[in-house]
Amino acid sequence: DWSMAGYRDAKIADIRAQVGDGKVICGLSGGVDSAVAAVLIHEAIGDQLTCVYVDHGLMRLGESEQVVGLFREHYGIPLIHVEAEALFLNGLAGLTDPEAKRKFIGKTFIEVFEAEAKKIGGAKFLAQGTLYPDVIESVSFTGGPSVTIKSHHNVGGLPERMNMALVEPLRELFKDEVRVLGRELGLPPAFVGRHPFPGPGLAIRIPGEVTKDRCDILRQADAIYLEEIRNAGLYDAIWQAFAVLLPVKTVGVMGDGRTYESVCGLRAVTSVDGMTADIYPFDAAFLSRVATRIVNEVGGINRVVYDYTSKPPGTIEWE
Ligand code: XMP
């Protein structure tokens, strides 16, 4: 007679047994998994938990404020908000290769996180929102040569380096179950239902060089797209939707003038686990409304295209 309430209580007991009176640190990414892990651990051990939110400046519009507000104000969970935008953007300057961008962000994230963990001092445990699919995906089951499609961003390697033990209370769960647990723990439904967001953030949605200007342009376009998706009541029917800012300029006309600005790509997919995906078939009126709003309201974009590629052969993210 399995229930999520029972799972929650069993995990709380496990966490208490594992950590005793030790300190735990948990990196918050803004995503659902790390948030649910943090709230569960906080229920188990209260202020023995400190959360660290590394703000790499590659988050969506208003996202950092939402995450920090939720944890500090709503839950009263001790949270260190590290403002590291300049560090990340300076290091990204000149990088255009997708793997180079991912590797730089992953490495820098770990360095910043590690420095903060040292400041807290004496934490013996590192909490992560690892899910069951992450556990199986890290094991080769094809028997074929292993090919890295994309270097995923997580804090791998850190626990050994810092001599910390892992606390991973979601290891047996799938994404949909994590959402059920999140609701069970009282997380706001809008937060629990959020679309997945990749660790390297907007950097992998800006092919080519990432600059503050381009991040700001993308944040505006993305916010308009998601606002229209929510207004149309489509948010929960879509696994993931986001805008991409292409390193291509095209000619347009606005009023009496010629424009020469960037192209914005729109992506929306349905999926069960992110491993395969189908494009979301918006109707034409919806897409043209979004395109019109983006071109009219966002300086720096004068053309919008919709990505019609399923996964495979395309990946969900563009890099
Ligand atoms: P792809 O682009 O590989 O993405 O089809 C599959 C799913 O994984 C997310 N994604 C990431 N998530 N760190 C993450 O935590 C990453 O480095 C990363 N890269 C991709 C992507 O958003 C999609 O949901």
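Me: Is G46 buried or exposed, and why?
Reply: G46 counts as exposed because 11 other C-beta atoms lie within 10 Å; a residue is called buried if 20 or more other C-beta atoms lie within 10 Å of its own, exposed if 12 or fewer, and partly exposed in between, with the C-beta atoms placed from the backbone. This is a predicted model, in which local features need pLDDT of at least 70 and side-chain atom pairs count only at pLDDT 80 or more, while totals for chains, interfaces and linings use all residues. Residues are numbered from 1 along each chain as its sequence is written.

Me: Where does G46 lie?
Reply: G46 lies in the loop between α2 (32–45) and β2 (49–55), where helices (H or I, at least four residues) and strands (E, at least two) are DSSP runs numbered from the N terminus. G46 and P78 are 32 residues apart in sequence, and their C-alpha atoms are 9.4 Å apart in space.

Me: And Q18, buried, exposed or partly exposed?
Reply: Q18 counts as partly exposed, because it has 16 C-beta neighbours inside 10 Å.

Me: Changing topic, what is the strand order in the open sheet of five strands?
Reply: The order is β3-β2-β1-β4-β5, with parallel pairing, and two strands are said to pair if DSSP finds at least two bridges between them. β3 (79–83) and β5 (165–167) stand at the edges with a single partner strand each, so one side of each is left without a neighbour in the sheet. Neighbouring strands of this sheet are turned by 30° against each other on average, direction ignored; the axes behind that angle are lines fitted to C-alpha atoms, for helices over the stretch in contact, and angles run from 0 to 180 degrees between N-to-C directions.

Me: How many bridges pair β1 with β4?
Reply: Strand β1 (residues 23–28) and strand β4 (residues 123–127) pair over four bridges in the parallel sense, and K23 stands opposite A123 in β4.

Me: Which way do β6 and β7 run?
Reply: Strand β6 (residues 240–254) and strand β7 (residues 257–270) run antiparallel and are joined by twelve bridges; in β7, Y260 is the bridge partner of V251. The two strands form a hairpin with two residues between them, and G255 in the turn has a positive phi of about 60°. Most residues other than glycine have a negative phi, and most peptide bonds are trans.

Me: Which peptide bonds here are cis, then?
Reply: The bond from K311 to P312 is cis, with omega near -15°, and a cis peptide bond also joins P312 and P313, where omega is about 10°. P312 is in the segment after β9 (301–306), and P313 is in the segment after β9 as well.

Me: Last one, what does the domain assignment give?
Reply: The assignment gives domain 1 (4–192) and domain 2 (211–306) for the protein chain, with bounds that come from an automatic or database domain assignment. Taken over C-alpha atoms, the centres of domain 1 and domain 2 are separated by 28 Å. Seven residues of domain 1 are in contact with six residues of domain 2, contact meaning that the C-beta atoms of two residues, placed from the backbone, lie within 7 Å.
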